[in-house]
Amino acid sequence: MARKVTLQRKLGFTALAWFLGCIMFFPIFWMILTSFKTEIDAIASPPLVFFQATWENYQLVLNQSDYLKYFGNSVVIAGGSTILALLVAIPSAWSMAFSPTRHTKDVLMWMLSTKMMPPVGVLVPIYLMLKYLGLLDTRTGLVIIMMLINLPIIIWMLYTYFKEIPSEILEASRMDGAVLWKEIVYVLLPMALPGIASTLLLNLILAWNEAFWTLNLTAANAAPLTAFIASYSSPEGLFWSKLSAASTMAIAPIMVLGWFSQKQLVTGLTFGAVK
Amino acid sequence: MGNIVLEKVHKCFGDVEVIPSVDLDIKDGEFVVFVGPSGCGKSTLLRLIAGLEDLTGGKIIIDGVDVSDSTPAKRELAMVFQSYALYPHMTVRKNIAFPLKMAGMPQDEIDKKVMAAAESLNLTDYLERTPGLLSGGQRQRVAIGRAIVRSPSAFLFDEPLSNLDAALRVNMRIEITDLHKELKTTMIYVTHDQVEAMTMADRIVVLQAGDVEQFGTPLDLYNKPVNRFVAGFIGSPKMNFVKGKDADEFDAHEIGFRPEHMSVSTTKGRWKGVVSVAEHLGADTFLHVKTDEVGTLVTRSDGEINVNYGDTVYVSPNTDKIYRFGADGLAL
């Protein structure tokens, strides 16, 4: 029997969804609002909803620190680590999806298990390794670390997408004379493109927002936007509105990217859920 | 050329032996059908010939060259898959052109060959469509187009018609047979449908549990089955088997007789029974007759016969057309 959807039910669920959506969006909304307040308005109690808006914070933040340098570092670290990770993950996911062995599942589980450990547990060894390699506070070092950190998730996602591709199609390409790289480039990649695109987007977002490693492994040279935000909660005190302005500027690029690619992200993440 | 020889071909998946040892000699230009029940190893054997599976032992020789360790591409065979396995992101034109592109053929030559293949398969109107927009029969044609376009030394078909509806299946069966007559290229065709096997093949390989039970022409298999398995597998409805004193009479462990070699009477006959199922197909009528002495027998009579469910009838085999088998299942 089909489930009866009454108008009241529909309205109820719509209202609930909007309510939850608003709760989730509220912190971001409040941050953007605060970024246009003066420091005094920002700490006013009760909080002010109507106030005299000002661009002052943005001007100050831009003058005080080199936003573009941080932005550039974020682009290099998030973009570089994503591309490098895809280069490693595509062949590995391909081999696990299409030539699985008895231990493929174990390898996948092991990779996922590395994400279960708190990162701080390996902070010291990784810090020391980067130090000996001379990669502390370098963009190269961070690209490698971010790549390694997100690799398990990327491989898992790609593996899931590749599993959906019928192996007969790849076999057909082999019969048609395609050598391995042509099979991957002409057949596998175009078919897996939606999955690869959403993996790429998700990884860009994860790498862009990652704060633990970027804060601990960078100082002046390779610091990305997460460090830029953190620099506004300083020993001299918290500057709410400046912190908000910095945060807004830091998340704006990734918000815009996420907004334009939301359809792709949703299709990618639910790929294969419905046949 | 397309002479394919299998020498002691042996295949295991892990500890499971799928093909113990197969020897076959498929002549150039022959249409050979591999037939057998599910899981008999027919598809595996085809995939071994294609190079999609590695041999555990033995040799595969194509036109005198040992290709046992060659990649699929080097064997110059074309394959049509059960699921068609078209490239969903490419148009029909690109699908058909793909093997030529992989072979590094110049573009103008590719265009010519693709057009020729499309014309022969009535696909010219669909060249710019993607496979998702085609019907099952059209997809099958594209798959065949992709196979014929590069003039392979042999075609391999892996149950290519099983996803089509009955009417289309008959049409495609005729098209593939015509294609074979036109191209005169070796074709190896895997199916579990013995009607397909009987109607299409020059010679049929009957497989069971990875062993070749018999390799011969369709009528050979029908008239002179080497054992009980082949006798029961070829022919529809299946051959009836009877053991005991009725078999002793013919000096055999077991006797078999085909439904079409039996007579049905309402008055007298060898075995008395009750009709448990009456299938009136129009031209033919199949009766399942439940007897006390020898169990259920299936008969094939004229469509005109006026016998229905629950009627009592007498059935008798045509004694000239009796197959005799020994205790080991081999024909006597």
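A: Two residues are in contact if their C-beta atoms, placed from the backbone, lie within 7 Å. By that criterion, chain A contributes 15 residues and chain B contributes 18 residues to the contact between them. On the side of chain A that touches chain B, helix 8 and helix 9 of chain A each provide at least two residues, and helix 8 of chain A provides the largest share, six residues (helices are DSSP runs of H or I with at least four residues, strands runs of E with at least two, numbered from the N terminus). This is a predicted model, in which local features need pLDDT of at least 70 and side-chain atom pairs pLDDT 80 or more, while totals for chains, interfaces and linings use all residues. Residues are numbered from 1 along each chain as its sequence is written, and chains are lettered from A and ligands numbered from 1 in the order in which they are written.

The two helices of chain A also meet one another: A:Ile169, A:Leu170, A:Ser173 and A:Arg174 of helix 8 touch A:Glu183, A:Val187 and A:Leu188 of helix 9. Chain A has 13 helices and two strands, and its C-alpha atoms fill a box of roughly 70 × 65 × 30 Å along the principal axes. Of its 275 residues, 32% are buried (20 or more other C-beta atoms within 10 Å of a residue's own; exposed means 12 or fewer, partly exposed in between). Among contacts in chain A with a separation of 6 or more, 79% join residues 24 or more positions apart.

The part for the close look is helix 4 of chain B, which covers residues 107-120 and, with its 14 residues, reaches 20 Å from first C-alpha to last, close to the 20 Å expected at 1.5 Å a residue (1.5 Å times one less than the number of residues). Its buried residues are B:Ile110, B:Val114, B:Ala117 and B:Ala118. Seen down the axis of helix 4 of chain B, these fall within an arc of 100°, so they line one face of the helix (the arc being that of the directions from the helix axis to the C-beta atoms). The face turned away from that buried side carries the exposed residues B:Asp108, B:Glu109 and B:Glu119. Following helix 4 of chain B comes B:Asn122, with a positive phi near 55°.

The buried residues of helix 4 pack against helix 3 (92-102) and helix 5 (136-148) of chain B. Helix 3 of chain B is itself mostly covered, eight of its eleven residues being buried, and these include B:Val92, B:Arg93, B:Ile96 and B:Phe98. Helix 4 and helix 5 of chain B are among the elements that cover the buried residues of helix 3. Just after helix 3 of chain B, B:Gly104 takes a positive phi of about 75°.

Leaving aside residues up to four places away in sequence, B:Met239 touches B:Ala231, B:Gly232, B:Gly256, B:Phe257 and B:Arg258. From B:Val114, 125 residues away along the chain, B:Met239 is separated by 47 Å between C-alpha atoms.
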